[in-house]
Amino acid sequence: MAAPAATWRYRGDPEAGQPAALVQFSNGRLQRPDAMRFTVYRHRDTAHPRKRHRRILVSETERLSYVGNNFGSGVLKCNSLCRYFVGVLNKESGQMEVYNAEIFNMQPLLSDNLIRDDTKEYQNKSYRDKMDLCIEAFGTSKQKRALNSRRMNAVGNDILSTAVTKAAANVIDAKGVTALIQDVAQDDVQNISVFLPPCDEGADKPENVYKFEDILSAAEYEALRVPAAVFVNISAEEITKKTEDKSHCSFVLEELKFLPADERNRDHKARCLWFLDTLIKFSYLRVIKKKHPMGPECPHVISKKLMKNFTSLTYNNGSVQNLISASMKAKITAYVIALALHINNFQTDLTVLQNDLRLQESRMLDIAKAMRLKISKAKGLPGLENDSNHKLGTLSLPLPVPKAAGSQRKRKKMN
C-alpha cells in the first residue's frame, strides 16, 4: 500500500515582520534545551526600512547569559546570502506548514555587571586578566597549559629583572659612573677596530701601514681595468655633466679633475676611483636581494668581494639574506678611508667622504681615530662646502699611540 502523500503550505512569517528564530551556541551544545528561556528585543523604529528588522535574542542559563543579533559586524554572513525556512508537520493531516526563519549565533555574554560581589576589583582588571579568567573557567587543556606556562615565564622574568637591577647597582657602587662611561668609550673603539683593514704598526712607510694588496687583490685589480676605462678617457665636459647629474660621489668627481697625464698612473687612479665609488654606492643598500646588486657592468669578482666581505648573513621570513648592518657600514667606511689615503698621498678630506657615505661626523672621526690618523682642520675643496671647516685625516709615521679611555670624546652624562 502506497504511503499517503504529504503536502506543504508556505505561511511567511509566524508573526508580522518577525521570522522564526533558529539558534546555535558558539561554545557547546545544550544538555537541557527545555530549560532555556529566550527573550527577543526589536528595534523601536519600526518605520525605518533597515532598523525595523534588527533583533536581539537573549537566553539565560544557570551559569551564563547568551546573546545573539542579526545586525552588526559579528552577524553571520549566511543570513544575507541565503534564505532559511522551518517546517512544522501535522502528522494526522500530513500537511507541513513552512515559515520564514533566521539563524542567531548565541555567544556567552561576559559583562562586568554579572559579578556583583567584588565589582571594583573586577573592573580594575585588564583585558588580558579577564581573558585569563575565561580560559581558567572555559578554556581547553591546551589553552590552560599555555596560560600556566606564560605565568611561570612572567615570574621568571620578574626574578631575573630584579637580579639584574641589583647586580647593576652593585657594579655602579663598586666602580662608579665615571669609570663605567670610560669602559663604554673604550669598548666602542675596540668594536670598530675589528672591522679595520689589516694594519702593520711596525711599517717603515705610510703605504705599508694599510697595504694596497689588502684592499684589492691582484685579480680584483685586474678585473677593474674594463669598467674603469670610462674614467681613463673622461673629458672635462663629461666631468661637468656627471657633476650636474650627481651620478658619482663628490670625492670621485673632484679627483677625476686631477688625473695624472702619465698613462700608467692615470689607469691606476681610475681603477681605484671606480672601486671607491662602487664601494660607497654599495653602502647605501640595506638588504641585498639581487645576485648582482651593482649592475651587470660590475665584474663578477668585485661583486663576489662585496657580498663576501661587506655583508652579513641574516635569516628572515624563511630565507637567508645578505644584510649591510651598522658594523658592515663601519667596515666599508674604513676601507674607503684606506683607499682614499692611497689615492691622495695618505692625506684625505674626511668631511667629503663623510658626506658621501651619509655618516655623522662623530662616527667618521671615531673610525678615523681607530685607524690611527691625525685629525686636523682644513677648508673644504672648492665647490664642496667651502664655507665650513673640513676635517683632514693624515696617515704619518710614527703612528699615534691609541688614547686611553679617559681622553675619549666627551659623552652625554649618564644619570
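Is Cys 82 buried, partly exposed or exposed, and what is its relative accessible area? Cys 82 is partly exposed, at 42%; buried means under 20% relative accessible area, exposed means over 50%, and partly exposed lies in between (1.4 Å probe, protein chains only).

This is a predicted model, in which local features need pLDDT of at least 70 and side-chain atom pairs count only at pLDDT 80 or more, while totals for chains, interfaces and linings use all residues. Residues are numbered from 1 along each chain as its sequence is written, and side-chain values use heavy atoms, with hydrogens and water left out.

**View 1. The whole protein chain.** Let's start with the overall picture. The protein chain contains 15 helices and 13 strands; these are DSSP runs numbered from the N terminus (helices: H or I, at least four residues; strands: E, at least two). Of its 415 residues, 34% are buried. The chain exposes about 27,300 Å², and 52% of that comes from carbon and sulfur atoms (accessible areas come from the Shrake-Rupley method with a 1.4 Å probe; for residues, only the protein chains shown count as cover).

View 2. Cys 82, from the opening question, is partly exposed. Cys 298 counts as buried because its relative accessibility is 5%. A disulfide is a pair of cysteine sulfur atoms within 2.5 Å, and by this rule the count comes to zero.

**View 3. A nonpolar surface patch.** Trp 8, Tyr 10 and Phe 85 make a nonpolar surface patch of about 390 Å². Patches are made of residues with over 30% relative accessible area and no salt bridge, with like charges joined within 9 Å and nonpolar side chains (Val, Leu, Ile, Met, Phe, Trp, Tyr) within 5 Å. A salt bridge is a side-chain nitrogen of Lys or Arg within 4 Å of a carboxyl oxygen of Asp or Glu. Tyr 10 belongs to strand S1 (residues 7-12) and counts as partly exposed because its relative accessibility is 41%.

**View 4. Met 364 in helix H15.** Met 364 lies in H15, which covers residues 361-370. With a relative accessible area of 1%, Met 364 is buried. Beyond its neighbours within four places in sequence, Met 364 is in contact with residues including Thr 333, Ile 337, Leu 350 and Leu 357 (contact means heavy atoms within 4.5 Å). The C-alpha atoms of Met 364 and Ala 334 are 9.0 Å apart, although 30 residues separate the two along the chain.

View 5. Buried residues in H15 include Leu 365, Ile 367 and Ala 368. After H15 comes Arg 372, with a positive phi near 70°.
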